[in-house]
Number of protein chains: 6
Amino acid sequence: MPYVKIELTREGVSREQKQVLIKGVTDLITNTLNKDPHLTHVVIQEIDLDDWGYAGEQTSVLRERGISANKK
Amino acid sequence: MPYVKIELTREGVSREQKQVLIKGVTDLITNTLNKDPHLTHVVIQEIDLDDWGYAGEQTSVLRERGISANKK
Amino acid sequence: MPYVKIELTREGVSREQKQVLIKGVTDLITNTLNKDPHLTHVVIQEIDLDDWGYAGEQTSVLRERGISANKK
Amino acid sequence: MPYVKIELTREGVSREQKQVLIKGVTDLITNTLNKDPHLTHVVIQEIDLDDWGYAGEQTSVLRERGISANKK
Amino acid sequence: MPYVKIELTREGVSREQKQVLIKGVTDLITNTLNKDPHLTHVVIQEIDLDDWGYAGEQTSVLRERGISANKK
Amino acid sequence: MPYVKIELTREGVSREQKQVLIKGVTDLITNTLNKDPHLTHVVIQEIDLDDWGYAGEQTSVLRERGISANKK
């Protein structure tokens, strides 16, 4: 009985990317733990940039300063 | 001190249904555990169909295929 | 697709009480929203009294002072 | 590695108030536990008044009756 | 800024399986969304079988009846 | 109606530190938002080092390598 919650900053995640995350997390968990996928739920929650704080700053402020969360 | 979070797919839950859930969960918990209702909070969170995955598929895709979550 | 999380202070909740909560919440939600119970998960999480704060105090301290969460 | 979730009723919390909460919680945790702020995330989630139940009633109903959550 | 919570029934998940889940979820999210892994946290929470309800029954009761969550 | 969840790695947080966190978060929120502290709950959840992943690695592995989360 796995349940997974994925929280992300709301920065243009597409419907297709969400499907990739849902399929990928479900496959990973059901394969690693030998679980029935029909007992596996994955919920994605997007969070506005004003509502996610990192190191004491709103992400919206960090983005205004040009600081991204992208891979280097 | 009970706190309850109810996550549901966003599929037309009415204000009245939410009130039934809040009243019912509060009564159930306070009666079963003999708790003061003034210490009992219930939070409902509706999740868009693109954001809830079941068995590796977005619920929005399942609904397009005619697969519902209704009782049989 | 409902998922419910019930957080409670750890104060001697029995296995039977947990079963009453799980059955009761599942029946309430599936009847109110006409949902398939096989898509309904309920998770109970007990929290130690040192870890639950109310009005700025640890519940363990409130209990030592004779303040309970019981119904009046 | 602290992660903090703050759930609030949606009642006009401003961007500035959110920043005060994010900065304050981050400072409190990193100072109390000597943690690196770059490992500290704070997420704020506002909940509609119909979706937050207290003592078995929707907060929206309580507000209509003139019952607020303000300090006395 | 992704944060992921994985809730599982406590049924003998090994340290190595947890590492596979953590590495796999982190890679999936950072590759799909082009996110910095140093901003990605994954938390696993195991839930006792008495505390996870499915279709109105405790998982511990389902297991006693020989009903598993394994893949078919 | 604020509810706050603080998730921390389990690394020797004392009862007194928890009280400082509970009092501090409650004061911060009730002062910033002018909320009644009797409607404010704070829950602390400690997570085992094997169960918290950062940048794709278990925190227990990071600690074995001498990588801490302490302030610099």
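User: Happy to be looking at this with you! Which strand does helix α1 (residues 15-33) of chain E run at about 140° to?

Analyst: Welcome! This is a predicted model. In it, helix α1 of chain E lies across β1 of chain A, β1 and β2 of chain E, and β3 and β4 of chain F. The strand to which the helix runs at about 140° is β2(E).

User: What is the order of strands in the open sheet that holds β1(A) and β1(E)?

Analyst: That open sheet is formed by eight strands, and the pairing is mixed. Its edge strands, each pairing on one side only, are β4 (57-58) of chain B and β4 (57-58) of chain F. Reading across, the order is β4(B)-β3(B)-β2(A)-β1(A)-β1(E)-β2(E)-β3(F)-β4(F).

User: Which residue of β3(F) stands opposite E:His41?

Analyst: Strand β2 (residues 41-47) of chain E and strand β3 (residues 52-54) of chain F run antiparallel, joined by three bridges. In this pairing, the residue that stands opposite E:His41 is F:Tyr54.

User: Which strand of chain E does helix α1 (residues 15-33) of chain A touch?

Analyst: This helix packs on the sheet, and its direction makes about 140° with that of β2(A). It touches β1 and β2 of chain A as well as β3 and β4 of chain B. From chain E, the strand touched is β1 (3-9).

User: What is the bridge partner of C:Gly53 in β4(C)?

Analyst: Strand β3 (residues 52-54) of chain C pairs with β4(C) in the antiparallel sense, over two bridges. Within β4(C), the partner of C:Gly53 is C:Gln58.

User: Which residue of β1(F) does D:Ile6 stand opposite?

Analyst: Here β1(D) and strand β1 (residues 3-9) of chain F run antiparallel, with five bridges joining them. Opposite D:Ile6 stands F:Val4.

User: What is the area buried between chain D and chain F?

Analyst: The size of an interface is often given as the accessible area lost when the parts come together. The contact takes 36 residues from chain D and 36 residues from chain F. Carbon and sulfur atoms give 65% of the buried area, which is about 3200 Å².

User: Which element gives the most to the side of chain D that touches chain F?

Analyst: At least two residues each come from β1 (3-9), α1 (15-33), β3 (52-54) and α2 (59-64) of chain D. By class, this side has 19 nonpolar, nine polar and eight charged residues. With 11 residues, the element that gives the most is α1(D).

Technical notes
Residues numbered from 1 in each chain as written. Chains lettered and ligands numbered in written order. Predicted model: local features only at pLDDT ≥ 70, side-chain atom pairs only at ≥ 80, totals over all residues. Heavy atoms only, no water. Contact = heavy atoms within 4.5 Å. Buried area = accessible area lost by both parts, 1.4 Å probe. Helix = DSSP H or I, 4+ residues; strand = E, 2+ residues; numbered from the N terminus. Nonpolar A, V, L, I, M, F, W, Y, C, P; charged D, E, K, R; others polar. Pairing = 2+ DSSP bridges. Axes fitted to C-alpha atoms, helices over the stretch in contact; angles between N-to-C directions.
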